[in-house]
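Let's take a walk through this model together, with the structure open beside you.

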Amino acid sequence: MMNGGNLVDNDSAVAGGVEDMYGEDIATMVQPVTPWTVSVASGYTLMRDPRHNKGLAFTERERDAHYLRGLLPPIVLSQELQEKRIMHMLRQYKVPLQRYMAMMDLQERNERLFYKLLIDNVEELLPVVYTPTVGEACQKYGSIFRRPQGLYISLKEKGKILEVLKNWPERSVQVIVITDGERILGLGDLGCQGMGIPVGKLSLYTALGGVRPSACLPITIDVGTNNEKLLNDEFYIGLRQRRATGQEYAELLHEFMSAVKQNYGEKVLIQFEDFANHNAFELLARYSSSHLVFNDDIQVLFSN
């Protein structure tokens, strides 16, 4: 039931008791005919959709309904047992970065299980998916890169940022965490490889705040880097140029802010994350009166 017309849903199966606005809960309930039949491909493609994939937790009935017979081992394992198995595996790793990579792999193939694992084991896994481990992950992001997460907007996309935003498959985005990678934690300029920060931060929005994954959008603005080590790294995934500043930088950010409002509306929350102080203060001063923005590195969250 809804309480007072807000988004709290006492019957919701998702963490945080948030109303199932996007139909993600009912998509994995056992029903005679599930929403997948009209909205999500079955069979092999379904198993590679992290939003709806349940791994070995697909029931016998679901395996028949969605053409999964033969694509999975015959055993049906509950989500709880899968969680136990993965935690056992994670605890075998002695290197934190290995645990981080394993968690990112899980997020990319079984989103529901990833968040259940994080919610049920938050004290143990929070340092894995966010600080301090995410710092090392950002430093080595090019070397461990497997599958893109979030949106990358670089100087190459200047004049086309609205088109880039429309490439993102979700339309009901409510929270954006954006970085330009210039001041990642205490590690300095990591350029495009700072993407690990918005990805990790938004995982916490979902696990701890109950914000739906589909409502979250991590973004990295790539304006180059002044990190010589990265510029000379053959595995670096960003623009190989010195960091843009001044008018060129300001124009790109302004186009981005305008495109976000046009595409997602004025109520979308934009969190600036790990910008250098001179840009962080300037962005807040410029956009706090026209957009819903904040930066937890330099301020306490305030309401417009």
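Y100, M101, M104, D105, E108, Y141, I144, F145, R146, R147 and Q149 form the lining of the largest cavity. A cavity here is a set of points on a 1 Å grid over the protein atoms alone where a 1.4 Å probe fits but cannot get out, and lining residues have an atom within 4 Å of a point. The elements that give two or more residues to this lining are α5 (96-109) and α9 (141-144), and α5 gives the most, with five residues. Helices and strands are DSSP runs numbered from the N terminus (helices H or I, at least four residues; strands E, at least two).

This is a predicted model, in which local features need pLDDT of at least 70, side-chain atom pairs count only at pLDDT 80 or more, and totals for chains, interfaces and linings use all residues. Residues are numbered from 1 along each chain as its sequence is written, and side-chain values use heavy atoms, with hydrogens and water left out.

Back at the largest cavity, the space inside comes to about 140 Å³. Domain 1 (42-129) and domain 2 (141-303) each supply at least three residues to its lining; the domain bounds come from an automatic or database domain assignment.

Now turn to helix α4 (residues 79-92). Its 14 residues reach 20 Å from the first C-alpha to the last, close to the 20 Å expected at 1.5 Å a residue (the expected span is 1.5 Å times one less than the number of residues). Q82, E83, I86, M87 and L90 of α4 are buried. These residues lie on the same side of α4 because they cover an arc of only 135° around the axis, taken from the directions from the helix axis to the C-beta atoms. An α-helix has 3.6 residues a turn, so residues three or four places apart point the same way. On the face turned away from the buried side of α4 sit the exposed residues K84 and H88. Buried means under 20% relative accessible area, exposed over 50%, and partly exposed in between (1.4 Å probe, protein chains only).

T131 and P132 are joined by a cis peptide bond, with omega about 5°, and P132 belongs to the loop between α7 (122-129) and α8 (133-139). L185, although not a glycine, has a positive phi of about 50°; this residue lies in the loop between β2 (175-179) and α11 (196-209). D274 is not a glycine either, yet has a positive phi of about 60°, in the loop between β4 (269-272) and α14 (277-287). Are these residues buried or exposed? L185 is partly exposed, with a relative accessible area of 26%, whereas D274 counts as buried at 2%.

Terms used
1 Å grid on protein atoms, 1.4 Å probe; cavity = no way out; pocket = protein on both sides within 12 Å on 5 of 7 lines; lining within 4 Å. Points joined across faces, edges and corners; volume = space filled by probe spheres on them.
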